[in-house]
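I opened a notebook page for this structure and wrote down what I looked up, one topic at a time.

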Amino acid sequence: MTATLNATTRETAAANGVTGTDIGLLVARVGFGGLLAVHGSQKLFGWFNGYGLDATAKAFGGMGYDPGKFFATLAGLSEITGGLLLVLGLLTPLGAAIALGTMLNALNVTRGNGFAMWELPAVYAIASVTFAFAGPGRISLDHGRPWQRQGVVWGVGAVVLAIVAALVTLAAK
């Protein structure tokens with residue numbers, strides 16, 4: 001029975017090309033990217049019980065990101081853009097780089113404040129690196145397109161881009 005079930009499962013996957021890995025990547029992308037985009041919308045618009053841009057700008061100024069409004073806007077737009085690109089599986093290495101660069105800044109701000117403060121940015125950073133290397137899977141807008149990129153070279157490129165962007169942001173603050 002198990003052999004027949006496994007053969008049927010393989011035949012179905014082969015017929016449509018979608019595997020369990022593709023479904024897992026879809027769930028992770030939509031979950032992670034959606035939460036990141038919501039987090040950005042809290043910063044910019046006050047949606048989902050967020051503070052909105054003015055309060056977020058004041059908080060950013062208090063963390064040394066001056067001018068606070070510029071850096072709060074940059075963070076919110078980065079979280080929304082990176083999150084939505086990942087949700088859609090569109091330009092995945094770029095979406096992952098945007099999300100990772102933002103989380104590297106969040107990790108810098110929260111360092112030394114205890115585990116509870118930096119665990120969420122760390123989880124988001126780990127997920128970003130995972131998507132940079134693994135790609136979006138078959139259930140994505142990238143799949144089968146000429147611009148689809150994934151693998152070691154693109155993963156390393158996304159991580160390097162994120163680190164450079166984070167360092168430039170930290171130097172500018």
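**Entry 1: the pocket.** I began with the largest pocket and asked which residues lie nearest its centre. They are H39, K43, F60, E79 and A106, out of a lining of 35 residues. I noted that the model is a predicted one, and that the volume of this pocket is about 900 Å³.

Next I looked up where the lining comes from. The elements that give two or more residues to it are α2, α3, α4, α5, α6 and α7. Helix α5, which spans 92-110, gives the largest share, nine residues. I also sorted the lining by class and got 22 nonpolar, 11 polar and two charged residues.

**Entry 2: the overall build.** I stepped back to the protein as a whole. The protein has 173 residues, and buried ones make up 35% of them.

**Entry 3: E79 and K43.** The search gave three salt bridges in total. In one of them the side chains of E79 and K43 meet, at 3.1 Å from N to O. E79 lies in helix α4 (residues 68-88) and K43 in helix α2, so this pair ties together parts that are 36 residues apart in sequence. Buried or exposed? I checked both residues. E79 is buried, and K43 is buried as well.

**Entry 4: the other two salt bridges.** R138 and D22 meet through their side chains at 3.9 Å, N to O. I looked up where each one sits. R138 is in the loop between α6 (115-134) and α7 (152-172), while D22 is in helix α2 (residues 20-45), and the two are 116 residues apart. D22 has a relative accessible area of 7%, so I wrote it down as buried. R138 is at 40%, and therefore partly exposed, since that value falls between the 20% and 50% cut-offs.

The remaining entry in my list is D54 with K69, at 3.7 Å from N to O. D54 belongs to helix α3 (residues 52-62) and K69 to helix α4, and they are 15 residues apart. D54 has 59% relative accessibility, so I counted it as exposed. K69 has a relative accessible area of 46%, which means partly exposed.

**Entry 5: aromatic rings.** I then searched the whole structure for aromatic pairs and found six. One of them is Y65 with F71, with 5.4 Å between the ring centres and 65° between the planes. Why did I label that pair edge-to-face? The label applies because planes over 60 degrees apart count as edge-to-face, and this pair is at 65°. F70 and F71 are a pair too: their centres are 5.0 Å apart and their planes at 80°, so this pair is also edge-to-face.

I checked how covered two of these rings are. Y65 has 2% relative accessibility, so it counts as buried. F71 has a relative accessible area of 5%, so it is buried too.

F60, Y65, F70 and F71 form one aromatic cluster.

**Entry 6: one contact across the chain.** Last, I picked N105, which lies in helix α5. With a relative accessible area of 10%, N105 is buried. I looked up how far N105 is from T169. In sequence they are 64 residues apart, and in space they are 7.8 Å apart, C-alpha to C-alpha.

Definitions and conventions:
Residues are numbered from 1 along each chain as its sequence is written. This is a predicted model: local features need pLDDT of at least 70, side-chain atom pairs count only at pLDDT 80 or more; totals for chains, interfaces and linings use all residues. Side-chain values use heavy atoms; hydrogens and water are left out. Rings of Phe, Tyr and Trp (its six-membered ring) pair if their centres lie within 6.5 Å; planes under 30 degrees apart count as stacked, over 60 as edge-to-face and the rest as tilted. Buried means under 20% relative accessible area, exposed over 50%, partly exposed in between (1.4 Å probe, protein chains only). A salt bridge is a side-chain nitrogen of Lys or Arg within 4 Å of a carboxyl oxygen of Asp or Glu. Helices (H or I, at least four residues) and strands (E, at least two) are DSSP runs, numbered from the N terminus. On a 1 Å grid over the protein atoms alone, a cavity is a set of points where a 1.4 Å probe fits but cannot get out, and a pocket is an open set with protein on both sides within 12 Å along at least five of seven lines; lining residues have an atom within 4 Å of a point. Grid points are joined across faces, edges and corners, and a volume is the space filled by probe spheres set on the points. Ala, Val, Leu, Ile, Met, Phe, Trp, Tyr, Cys and Pro count as nonpolar, Asp, Glu, Lys and Arg as charged, and the others, Gly among them, as polar.
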